[in-house]
Amino acid sequence: EERKGYKDGFGSKEECDAVQDRQNEDFQEVWSHLREDVAICCLCGNHDVGNRPTPTSIQRYKDAFGDEYLAFWVNGTYNIVLN
């Protein structure tokens, strides 16, 4: 399947959401095969919630990946993630 960008004809919100849903599924499939003993965390960025995040774009991210803020300890370091 050929993947198109905005310039190539995608323009409706529904089409863009469908592309993002497929990308999220692809990412989660790869993520599921990573080693559990390596500490990593998923952070949202402008490609996930937009350059100007909206309540809707943030909710779509949370539905796919969980909270956009969290805190955790790793190797004696306290890490805080804020959107």
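**Figure 1. Contact between helices α1 and α3.** Lys-13, Asp-17, Gln-20, Asp-21, Asn-24, Phe-27 and Gln-28 of α1 meet Thr-56, Arg-60, Ala-64 and Phe-65 of α3, where contact means heavy atoms within 4.5 Å. By class, the residues in this contact are 3 nonpolar, 4 polar and 4 charged; Ala, Val, Leu, Ile, Met, Phe, Trp, Tyr, Cys and Pro count as nonpolar, Asp, Glu, Lys and Arg as charged, and the others, Gly among them, as polar. The model is predicted: local features need pLDDT of at least 70 and side-chain atom pairs count only at pLDDT 80 or more, while totals for chains, interfaces and linings use all residues. Residues are numbered from 1 along each chain as its sequence is written, and side-chain values use heavy atoms, with hydrogens and water left out.

**Figure 2. Geometry of the α1 and α3 pair.** The axes of α1 (residues 13-31) and α3 (residues 55-65) come within 11 Å and cross at roughly 30°. The two helices are therefore roughly parallel, a term for angles under 35 degrees. Axes are lines fitted to C-alpha atoms, for helices over the stretch in contact, and angles run from 0 to 180 degrees between N-to-C directions. The crossing of α1 past α3 is right-handed, that is, the near helix is turned clockwise from the far one by less than a right angle.

**Figure 3. The chain as a whole.** The chain has 3 helices and 2 strands, in the order α-α-α-β-β from the N terminus. Helices (H or I, at least four residues) and strands (E, at least two) are DSSP runs, numbered from the N terminus. Of the 83 residues, 14% count as buried, with buried meaning under 20% relative accessible area, exposed over 50% and partly exposed in between (1.4 Å probe, protein chains only).

**Figure 4. Surroundings of Asn-83.** Asn-83 lies in the segment after β2 (77-81). Asn-83 counts as partly exposed because its relative accessibility is 49%. Beyond its neighbours within four places in sequence, Asn-83 is in contact with Cys-44, Ile-58 and Glu-68. Its C-alpha is 8.6 Å from that of Gly-45, a residue 38 places apart from Asn-83 in sequence.

**Figure 5. Ile-80 in strand β2.** Ile-80 sits in β2 and, at 56% relative accessibility, counts as exposed. Not counting residues up to four places away in sequence, Ile-80 touches Leu-70 and Ala-71.

Definitions and conventions: Angles under 35 degrees count as roughly parallel, over 145 as roughly antiparallel, 65 to 115 as roughly perpendicular and the rest as oblique.
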